Amino acid sequence: MIKTFPEITGKRPKVTVVGAGFVGATAAQRIVEKDLADVVLVDIVDGVPQGKALDMMESAPIEGFDAKIVGSNDYALTKDSDIVVITAGLARKPGMSRDDLLKKNADIVGGVVSEVVKTSPKSILVVVSNPLDVMTYIAWQRSGFEASRVVGMAGVLDSSRYASFIAMELGVSPKDVCAMVLGGHGDSMVPVPEYSTVNGIPITQLLPAEKIEEINDRTRNGGIEIVNYLKTGSAYYAPSASAVAMVEAILNDSGRILPCCALVKDAYGIKDLYCGVPVRLDRSGVKEVIELKLEPNSLEALQTSASHVKELIAVLA
Ligand code: APR
C-alpha cells in the first residue's frame, strides 16, 4: 500500500485550520506555501478537507514548499497544534449583516472550541468567524484559556482595506501605506486617519478631509462591497491573508504591532471586552494591548463601536 496522505511528524510547527471553506482553505494554502507550518484542515463535510488538502499537497513540487497538509473530519490529527485558526461557520449572503450570523455561528464556534481544548490545550486560537468580536469572546469563554491565547482577526483586514483604498486614491504603492482601523468588525468600525500614513507622512497631509471621509466610509463597507459583487459568499483573499499575517507574527515571535480583536481589560475607557485594538503579537499570543492617544472623535467612535459589541454579547446571554 502506498501512502494516501503525507505524515505530520510534529517536528515543524503545527497549525490547525477549522473550516475548509473559502477563507479556511485559502489560509491553509498561504500557510503551506510560505512554509510556515504543517497544517491540518478540518471540516464537518466529509471529503472536502481531505480533497482540498491533497490537492494543495500535489502543488508542492511546483510551488516548492516542504510543509505538509492533511484534511480530516475529526480532531485526532490536530493534537498539540500550536495555533488553531477558526473559520468554521456560515458566510454572509447579500442583505445579511454580520450580526444575522450571530446565533448560528456562536453554536458552531462554541462546538469547535470544545473539541480544540481537548486536543490542543496549549494552542493559541485565532478566530475568523463572524460576527468576529462576539465569536472571539465566545472562544475565550468556552476555552477557559488566558486571554492572551485567544485573539480575533479583523483589524488587520479592515486596515488592509483602508490602506488599499488610500493607495488607490493617491496612486502610491500599497507597500508604503500603513493604515489603522480599530473597534468592532462591523458597521461601526473606526478608521483612524491620525495613525494612517504613507511612509510616515500622515494621510491628513496628503488628502482633503472629505476624501478621507469617503475612504473611511468605503472601508466600513468594504466587506459588503465584496459580498454584493460575489452574491453567493463573502471575501476570502484578504481575510485569509490577514489571518496568516497573524499566524506568521505569532510563530515567528515577531512582536509585530497589529490591530486585532483582543480582550481590553481597561483601556480607551473600555473594560473587559473583546474589541479591535493595536496589540503586540509574539509566540505567547497577545503580549500586550497598546493604548494610543486618539483624537476625541476617534476615541468616541471606538467607545460607541465597543458598546455595539457589548450589546451583541448580551443578545447571546
Ligand atoms: N466544524 C467544522 N467546519 C464547519 C463547521 C463545524 N462545526 N460548521 C461549518 N463548517 C464549515 C463548512 O462546512 C464550510 O466548509 O465551515 C466552512 C465555512 O466555509 P464557507 O462557507 O466557504 O465560508 P467562508 O467564506 O470560508 O467564511 C467563513 O469566516 O470571514 C468569515 O464571515 C465569514 O463566518 C464566516 C467565516
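Entry 1: The model is predicted; local features need pLDDT of at least 70, side-chain atom pairs count only at pLDDT 80 or more, and totals for chains, interfaces and linings use all residues. I number residues from 1 along each chain as its sequence is written, and side-chain values use heavy atoms, with hydrogens and water left out.

Entry 2: I took a polar contact as a pair of N or O atoms within 3.5 Å. A polar backbone atom of Phe22 is 2.9 Å from an oxygen atom of the ligand. For a polar backbone atom of Gly89, I noted 3.4 Å to a ligand oxygen atom. Asn105 places a polar side-chain atom 3.5 Å from an oxygen atom of the ligand. The protein buries 84% of the 730 Å² that the ligand exposes when taken alone (Shrake-Rupley method, 1.4 Å probe).

**Entry 3: domains.** I found the protein chain divided into domain 1 (14–152) and domain 2 (155–316), with bounds from an automatic or database domain assignment. Their centres, taken over C-alpha atoms, are 21 Å apart.

**Entry 4: nonpolar core.** I looked for buried (under 20% relative accessible area, 1.4 Å probe, protein chains only) Ala, Val, Leu, Ile, Met, Phe, Trp, Tyr and Cys residues joined through side-chain atoms within 4.5 Å. The largest nonpolar core has 90 residues, of which Val15, Ile31, Ile69, Ile83, Met246 and Leu281 touch the most other members. This core lies between domain 1 and domain 2 because both give residues to it.

Technical notes
Buried means under 20% relative accessible area, exposed over 50%, partly exposed in between (1.4 Å probe, protein chains only). A polar contact is a pair of N or O atoms within 3.5 Å; within protein, one must be able to donate a hydrogen and the other to accept it, and residues adjacent in sequence count only if both atoms are side-chain atoms.
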